[in-house]
Amino acid sequence: MVMLEETRTESGRMLLNMGPQHPSTHGVLRLMLELEGENVTQCIPDMGYLHTGIEKMCEARNYHQALVLTDRIDYLAPITNNLSYIMACEKLFDVGDKVPERAQVVRVMLSELTRIASHLIWLGTHALDLGAMTVFMYCWREREQILDIMENISGVRMMTSFMRIGGLVADVPDDFAGLVAEFVRIMPRKIDEYETLLSRNPIFIDRTRGVGVITRDGALEYGFSGSCLRASGVEFDVRVNLPYCAYETYDFDVAWSKEGDVYARYMVRMREMRESVRIIDQGAKRLLVLNGAPIRLDDPRITFPKREKIHSSMESLIHHFKLVSEGPVPLPGEAYAAVESPRGEQATYIMSDGSNKPHRVRFRGPSFYNLQVLQHTIAGGLVADVVACIGSIDIVLGEIDR
Amino acid sequence: MVQQPPSEGATQGDDETPPPPPTDIDLVIERFPGSFVPSWRYADQMPTVRVLPEHIREAISWLRHECQTRYDMLVDVGGSHWPDRDEPFEVTYILHSMTTNARIRVKCAVAAHGDELPVIPSIALIWAAANWPEREIYDMFGVEFTDHPDLRRILTPNDWEGHPLRKDFPLGEEPVEFYRSASAGA
């Protein structure tokens with residue numbers, strides 16, 4: 001972290017700190033701006049204010065315990081973090097293709113619900129940054145509905161930790177289907193509502209069209225992923241290109257656009273929300289058929305014995321105790337697993353040395369790569385466009401600093 | 001845990017079926033002397049090759065621009081520390097090809113001499129996406145990237161001492177029972 005000693009450069013340009021407490025930097029991002037009047041001549045991002053050492057902490061925990069830390073990486077999309085971590089573990093334990101179908105369907109549905117919840121926060125704050133206050137309130141209203149679903153299944157609104165190696169922690173409750181059906185019913189009309197407020201709003205268009213343009217080559221040069229990459233004309237989605245959790249069997253379109261500006265990223269995410277609703281709807285139908293099917297793999301190396309068995313059988317009690325205290329032990333090796341989080345390719349890379357704790361866990365946060373381009377996009381633009389650019393990249397500092 | 005060069009490729013001369021076309025791994029091994037596939041369990045089935053540090057820049061550049069499978073996206077650059085190995089500091093690059101959806105993992109490992117930081121050539125000048133990840137590895141593992149445009153700490157403060165993700169960096173927690181060491185076997 002660098003301190004600004006001076007307020008002006010020798011040539012008379014103003015040096016300005018934006019953040020880390022600035023609300024438009026979406027967390028604790030600090031930007032050091034060099035300004036000439038209203039124009040940004042240089043921008044140096046500075047992060048690390050939220051560095052919590054999650055990767056180091058994972059090395060001191062067993063494979064089950066490290067799961068709860070993953071919720072806190074990208075705190076707006078805990079489910080997708082869980083999923084990439086769990087998928088890496090499953091590959092490491094060689095059970096990646098043995099996860100029960102019902103668990104896969106619930107995973108997909110929850111991932112998509114999280115995607116919508118995260119996109120709603122993005123949309124609300126992004127519009128707020130650009131002066132549209134109402135959208136923020138509307139978005140929070142629907143997000144609340146998703147959080148209610150999360151609370152209904154796991155008892156927690158945000159940090160659900162609902163996934164387990166080999167499946168889920170528990171089956172979804174009976175009223176889950178009803179809540180999801182209600183959400184699927186209302187959501188498309190709500191998205192229309194947001195679009196009426198923004199998509200043809202002249203103020204919004206003036207602030208976003210042609211601002212913060214990132215070309216296709218630039219996006220690939222800077223390691224973009226997710227909606228930002230798709231808005232720059234690259235049709236890449238982990239769900240389609242490297243399918244996981246049987247995403248290839250769902251019918252949905254990948255939203256993409258050629259323009260690469262802030263407005264294109266807005267449109268891509270709006271379309272993505274509609275596609276997510278479609279996927280949730282398909283998942284709900286599959287879930288009905290799979291009623292009563294197992295939600296967790298039965299593998300004594302990894303999964304806990306059933307609760308009734310623990311109460312009645314000494315061996316199961318010992319087994320449970322061993323899995324809780326020592327944890328599952330994989331063979332030495334490494335595994336990389338990627339999912340499409342709301343922000344892009346969220347991946348977990350686990351290296352095991354054959355002990356009960358991971359030797360190294362790396363989290364590939366999409367925001368970390370997406371943010372790299374910011375300093376090049378906003379240099380030469382206006383101060384007011386800085387907030388538009390940050391908002392459109394949709395960063396989560398928890399993921400950047402880890 | 002010990003990495004060994006691979007055994008000689010099992011190619012039979014008088015086989016009727018034509019040999020399969022060389023994979024990108026084979027081509028990398030052919031082009032860059034000293035490269036090999038470390039014997040290690042890759043549970044994700046991603047093709048992996050290790051190249052010498054002096055070749056890493058050409059190898060990445062070749063995979064991106066000249067190789068038939070154009071690996072045009074740099075997915076990740078990550079570090080790891082293996083104190084028991086001869087070359088304890090390992091940097092892993094994961095590349096993705098948009099046209100074929102193939103992925104390749106390139107590794108590079110170096111040793112530290114005395115108190116000096118281990119050194120690996122930076123690829124940030126040929127691929128801007130590697131800029132911040134390399135800074136992070138410098139910050140967390142103390143690996144120095146030569147010719148990096150802006151090699152500063154990124155997540156910890158500038159006056160921070162040590163490199164937190166090295167194995168000899170204390171965690172600041174009470175040790176927990178039931179730790180099964182790697183030597184005890186799985």
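Reader: Which residues have the most contacts inside the largest nonpolar core?

Author: Keep in mind that this is a predicted model. The residues with the most contacts inside that core are Ala88(A), Cys89(A), Leu74(B), Leu95(B) and Val106(B). The core itself counts 152 residues. Helix H4 of chain A, residues 101–129, provides the largest share, with 13 residues.

Reader: What does Val106(B) touch, leaving out residues up to four places away in sequence?

Author: Val106(B) touches Val49(B), Val51(B), Ala59(B), Ile60(B), Tyr93(B) and Leu95(B). Leu95(B) is also on the list of residues with the most contacts in the core.

Reader: Let me turn to the sheets. How do strands of a sheet pair?

Author: Strands pair through backbone hydrogen bonds, in the parallel or the antiparallel sense. Take chain B. An open sheet of 4 strands there has the order E1-E4-E3-E2, with mixed pairing. The edge strands are E1 (48–50) and E2 (73–81) of chain B, each pairing on one side only. On average, neighbouring strands are turned by 20 degrees against each other, direction ignored.

Reader: How many bridges join E2(B) and E3(B)?

Author: E2(B) and E3(B), residues 89–96, pair over 8 bridges in the antiparallel sense. One pair to find on screen: Gly78(B) has Thr92(B) in E3(B) as its bridge partner. Helix H2 of chain B, residues 56–65, packs on this sheet. H2(B) touches E3(B) and E4(B), the latter spanning 103–110, and its direction makes about 175 degrees with that of E4(B).

Reader: Now chain A. What is the strand order in its open sheet of 3 strands?

Author: The order is E6-E7-E8, and the pairing is antiparallel. E6 and E8 of chain A are at the edges with a single partner strand each, so one side of each has no neighbour in the sheet. From one strand to the next, the twist averages 10 degrees.

Reader: Where do side chains point along a strand?

Author: In a regular strand they alternate between the two faces of the sheet. Here, note the cover on E6(A): 8 of its 9 residues are buried. H3(A) lies across E6 and E7 of chain A and runs at about 150 degrees to E6(A).

Reader: How many residues of chain A are in contact with chain B?

Author: An interface is often sized by the accessible area lost when the parts come together. Contacts are counted here instead. They link 46 residues of chain A with 38 residues of chain B. Among the elements that give two or more residues to chain A's side are helices H1 (54–58) and H3 (78–92), and strands E6 (333–341) and E7 (344–352). E6(A) gives the most, with 5 residues. By class, chain A's side has 21 nonpolar, 11 polar and 14 charged residues.

Reader: What about the strands E1(A), E2(A) and E3(A)?

Author: E1(A), residues 14–18, and E2(A), residues 30–36, pair over 5 bridges in the antiparallel sense. Met18(A) stands opposite Leu31(A) in E2(A). E2(A) is joined by 7 bridges to E3(A), residues 39–46, and these two run antiparallel. Leu31(A) has Pro45(A) as its bridge partner in E3(A). E2(A) and E3(A) form a hairpin with 2 residues between them, and Gly37(A) in the turn has a positive phi of about 65 degrees.

Note on methods:
Residues numbered from 1 in each chain as written. Chains lettered and ligands numbered in written order. Predicted model: local features only at pLDDT ≥ 70, side-chain atom pairs only at ≥ 80, totals over all residues. Contact = placed C-beta atoms within 7 Å. Nonpolar A, V, L, I, M, F, W, Y, C, P; charged D, E, K, R; others polar. Core = buried A, V, L, I, M, F, W, Y, C linked by C-beta atoms within 7 Å. Buried ≥ 20, exposed ≤ 12 C-beta atoms within 10 Å, placed from the backbone. Pairing = 2+ DSSP bridges. Axes fitted to C-alpha atoms, helices over the stretch in contact; angles between N-to-C directions.
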